[in-house]
Amino acid sequence: MTEQSNQEKVMAIHAEMLESNHYCYFELAYTRHTHWMVFICSNSREYDPQRKILLQGQGFTPEEACADALDKYKKEQSHE
C-alpha cells in the first residue's frame, strides 16, 4: 500500500470537515508572488465575513503547500 500524498491528506481532511459543515470549501491556487497556496475555510467571505480559515499553507509546489498546511494544522490540533 502506498502512502497518501500531502494533497490527498488535505483533501481527506476537507471531506471529513464537509460532513459537519456543507459550506466548508477547499482552494488550491498559484500566484507569481506567493507561489502555491492551499486553504480550507469555513465559508466564503461573501456570505460570511466572520469565516474562519481552518487550514492553510504555502510552498513552491502544490505538494509543498499541502505539507506546510498539514504541519500547521497538526500543531493547531495539538493545542486544542
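Contact here means that heavy atoms lie within 4.5 Å of each other. The model is predicted.

**Cys 24 and its surroundings**

By that contact rule, and leaving out residues up to four places away in sequence, Cys 24 touches His 14, Met 17, Leu 18, Ile 40, Cys 41, Ser 42 and Leu 54. Cys 24 sits in the loop between helix 1 (6–20) and strand 1 (25–31). Is Cys 24 buried or exposed? Its relative accessibility is 5%, and because buried means under 20%, Cys 24 counts as buried. Pro 49 lies 25 residues from Cys 24 in sequence, and the C-alpha atoms of Cys 24 and Pro 49 are 14 Å apart in space.

**Helix 1**

Helix 1 has 15 residues, which at 1.5 Å a residue should span 21 Å; the end C-alpha atoms of helix 1 are 22 Å apart, in agreement with that value. The buried residues of helix 1 are Asn 6, Val 10, Ile 13, His 14 and Met 17. Viewed down the axis of helix 1, these buried residues fall within an arc of 100°, so they line one face of the helix. Exposed residues Glu 16 and Glu 19 are carried on the face of helix 1 turned away from its buried side. The cover over the buried residues of helix 1 includes strand 1, strand 2, strand 3 and helix 2.

**The sheet**

Strands of a sheet pair through backbone hydrogen bonds, either parallel or antiparallel. In this model three strands form an open sheet in the order 1-2-3, with antiparallel pairing. Strand 1 and strand 3 stand at the edges with a single partner strand each, so one side of each is left without a neighbour in the sheet. On average, neighbouring strands of this sheet are turned by 10° against each other, direction ignored. Helix 2 (residues 62–79) packs on the sheet and touches strand 1, strand 2 and strand 3; the direction of helix 2 makes about 140° with that of strand 3.

Seven bridges join strand 1 to strand 2, and a hairpin connects strand 1 to strand 2 through three residues. Strand 2 is joined to strand 3 (residues 53–59) by six bridges. Strand 2 itself (residues 35–41) is mostly covered, with five of its seven residues buried.

| Residue | Opposite residue | Strand of the opposite residue |
|---|---|---|
| Glu 27 | Phe 39 | strand 2 |
| Trp 36 | Gly 59 | strand 3 |

**The aromatic pair**

A pair of aromatic rings is described by the distance of the centres and the angle of the planes. How many aromatic pairs does the model hold? The count comes to one aromatic pair. Tyr 30 and Trp 36 form this pair, with 5.3 Å from centre to centre and 55° between the planes, an arrangement classed as tilted. What is the accessibility of these two residues? Tyr 30 has a relative accessibility of 45% and counts as partly exposed. Trp 36, at 23%, likewise counts as partly exposed.

Key. Residues numbered from 1 in each chain as written. Predicted model: local features only at pLDDT ≥ 70, side-chain atom pairs only at ≥ 80, totals over all residues. Heavy atoms only, no water. Helix = DSSP H or I, 4+ residues; strand = E, 2+ residues; numbered from the N terminus. Buried < 20%, exposed > 50% of the residue type's maximum accessible area, 1.4 Å probe, protein only. Phe/Tyr/Trp six-rings, centres within 6.5 Å; stacked < 30°, edge-to-face > 60°. Pairing = 2+ DSSP bridges. Axes fitted to C-alpha atoms, helices over the stretch in contact; angles between N-to-C directions. Expected span 1.5 Å × (residues − 1). Arc of directions from axis to C-beta.
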